[in-house]
Amino acid sequence: MATGGTVQVDVAELGAKLESIVGPGRVSTSRAVCRAYSYSAFWGRTWLTVPDLVVVAATAEEVSQVLRVANEAGVPATPKGPVGQGGFGGPMKGGILLDLTPMDEITVDRKNMKVIAGAGGSFFRLAQELFKHRLMLPTSEYGPGPTVASSAIFPVNAFGKTRYGRNIDLVEGFEVVLPDGQIVRVGSMAYADSDFGPYYRYITGPDLVGLFTQSNGAFGIVTKVAYSCLRLPKCWAFHAYYWPLAQAETFAAVMTEATAMEIFDIHISDRWRFVGLEKAGLIPPLPNDCNFVAYLTVNAESPAELAAKEDVIHEMCRSRGGTYLPGAADHFYAEWPTVFAVVSQPMLVKLFNLTREASGATGMMICDSLNYPTSWFPQVYDKLMKTARKYGLWGEPNMIVYDGFPMKSLTICSQTWLFIDFYDRDWMRRVEAYRAEFREWFGARGGTHQSGVPPYPEYSWGNQPGAHDLLRRIKGLLDPNDILSPGTFEKRDWSR
Amino acid sequence: MNGRQLDEFKRQVDICLVCAACFAHGPVTPHNWTELPPPEWDAPNDRCPSYEYYGLRSHTGMGRQMLAASVFREGYPVDQDLIDVVSSCTNCGVCSEVCPMWRPLDAIAALRQEFVQRGLQPRATQKLDANVAECHNLFRGRTREPVLEALPRRGADLYFAGCEAAFRQGATGRATVEILRAAGIEVAHMGGDEWCCGFVADWGGNASLSEEVARHNVQAAVAAGTERLITSCAECYAVWKTHYPSVVGELPFEVVHVSEVLAGLLDEGALSFDHEIARTVTYHDPCFLGRHGGVYDEPRRVLAAIPGLKVREMRRYGRWSYCCGSGGKLTQLTYPDFADATGAARVHEAEAVAGAVVTACPACVMQLRRTAKKQRSALEVFDLPLMVAEAMGIEVGSRITPGEDSAGGSDE
């Protein structure tokens, strides 16, 4: 059977060899099993990446041995978590899909506020364990799956990104298996076995942790992740304000100011996120002039400090034309399940079912996932709106939704998403046309793609040619046989 | 799903969000910044039996949902490989409990119907379906539990005993009749007009057979003057409660599990237990009574009313209860190693907190008894009506009525 389209190997023979490493039942060459592992969410059929074998590894040593065999055979090996929601991953050139789910141990060092988590652990479980120690990391919604390593080798956003940045900004070290099978520890993990423990990211010399972040596993398979944790504040408050469409500039200025003030989290969206809920009577009617909604999360060590912070954000929003939207923010956090459990949230389930009935949509699709300066929000939103309107995706019945995440870097990463039927050709054609037109405008201004590696669409390559050339050169040195996540740093035609 | 529903489902099935909540080792929701989830949202790590056994994401609600989209919308070929991945699911429903948005179990059920339509049904379930089609019960039984035969054929309260209580676990049938009688409820039984509820046919994917028995049973129950239909079997309950209305429309009578009747009588003060049972027991929620039927509290209220009885919960209980591995016989018959491993996990979990386990489903009783024996465990297994009978001083004997055929597996 062909793997990677270039290498001929006997998959059964390879499977037997791998099974001798990881144990019986931990390797599957079943077509159905491989197929079930092959999807990434949201992007539909174009993001189907099918492995030839699935290998479930439980230790770094097993990963090491698997990579040695893969090197010998010239077979690609790619790690993949469930990728939940906006993520993308998988073996672009076939071969071995490494499922690291059993590697889920968590070691919390409360005294030093550090944690080491196994690659295959659930980020939700990590967040819960830290919570029990009154610690926290920015925690992504939507991620119950085995996502610790995924959230480090892909660009992941989480609640807390406005003050602290992305998850990867709090990563301090990795244990990594290099393509040749060598197990190395970089960043704070380099000290893991010392008396001091994994205490500091920047070992002597350049930052090697950064080499593996957002790498899609192309430089090495991350098997452990070390984080520096944050203290969990005692008091929390959630508020929502809205602004009219005509006040996009003011809205952007408020986000910039709030980010600079280190508000814990801001999540922005437009009215189309709420219209379905409103029509179903699940939330009170939206004011007619409500277009941009900001969810603001603040925290503090005492009620008095919290009240003072709340006063500041109320003043900031009101003085700049914001109108309070009662009940909109706290609802998702105060009730169980919280907004973290997106597929269980009764309100979201109702919304999905209503949309399915009303429009014939069957799945949820992110059309684009973008990074740009916060100050560019008005122009980006305007362009998105006009382009989506041109292709009949704006407003009812399709209701493309804008969702944005102002980050510490004073940039926004945002998505537009809608419920859709991936198999409806007309629908998909319109979405593709919308995406292509918007991307041309966005890419020409230096825009970058934020969700998923490789950096689809291709304007990301065009904007950073020197940087990507360097990545490819490093890749060639570390992985001369190109077995790890091959295709990550290549331009690729995803239009099939 | 009936034919029309299946066609609609096939048209709409799609890949999910791939969040892995249906099987992942971790909470469905971690915290809300100030507190940890309450018990109803504190899902255990090990929740999906087939993932726990096979260790592959393909063998989960998420993986099977993707396969359903592949088959129904992309024409992916159905072969034995795919059938094994899909069919090795116990139907426990935990995936749909976590994810009411995509309800992965619906995709699994739809695929099973597809297998049957293509003539690719597993042999073991083919045999059971043949038994139902020809003899109207799972075991080709001819002689019902005598207590049932002695009941009137018509009455407002109809006891739908099911194949197990009628042909194999007669003690459950006798206990149910006698405890209801002692509580002042005289039940009727349809005799030969009680056909297998069609659970195996329904969940095994044989839609035409399950619809046929649904129509027959509803018609017969109406003819018997039923105002309230009482089951002692979780599978019968779930099928009557949810599947039959999808076939024939709203039923003209109420459907209740015997635990609901007993809990209601206790609430009204119309029932009390005067025989002490000095035991520590735990309660195993049958998947088809709990997650599929929504009945969690009533059996516990009944047990709590028994003097002397101490009830301790297992680690996984209520909506997060773990499957016993039977899969309403389907798993037990088609993937016995998987069923055994799942049953063993549940037996060990029960014996960690109690010397006996009570459940409310004859299929669970059989599976747990068999597994306890294989595991050389001293765990005792009781069906709820038997425990209640003992608490009421009613002697029904613990004899398991011998079956006339071993199809469906033997008990002790």
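Q: Which residue is the bridge partner of Ser28(A) in strand 4 of chain A?

A: Strands are DSSP runs of E with at least two residues, and helices are runs of H or I with at least four, all numbered from the N terminus. Two strands pair if DSSP finds at least two bridges between them. Here the partner of Ser28(A) is Val54(A). Strand 3 and strand 4 (residues 53-56) of chain A run antiparallel and are joined by two bridges. The model is predicted: local features need pLDDT of at least 70, side-chain atom pairs count only at pLDDT 80 or more, and totals for chains, interfaces and linings use all residues. Residues are numbered from 1 along each chain as its sequence is written, chains are lettered from A and ligands numbered from 1 in the order in which they are written, and side-chain values use heavy atoms, without hydrogens and water.

Q: What is the order of the strands in the open sheet of four strands?

A: In chain A the order is 3-4-6-5, with mixed pairing. Strand 3 (27-28) and strand 5 (77-79) of chain A are the edge strands, each pairing on one side only.

Q: Which residue stands opposite Phe174(A) in strand 11 of chain A?

A: Val186(A) stands opposite Phe174(A). Five bridges join strand 10 (residues 171-177) and strand 11 of chain A, and the two run antiparallel. These strands form a hairpin with five residues between them. In the turn, Gly181(A) has a positive phi of about 100°.

Q: Where does Tyr199(A) lie?

A: Tyr199(A) is in the loop between strand 11 (183-187) and helix 7 (209-212) of chain A.
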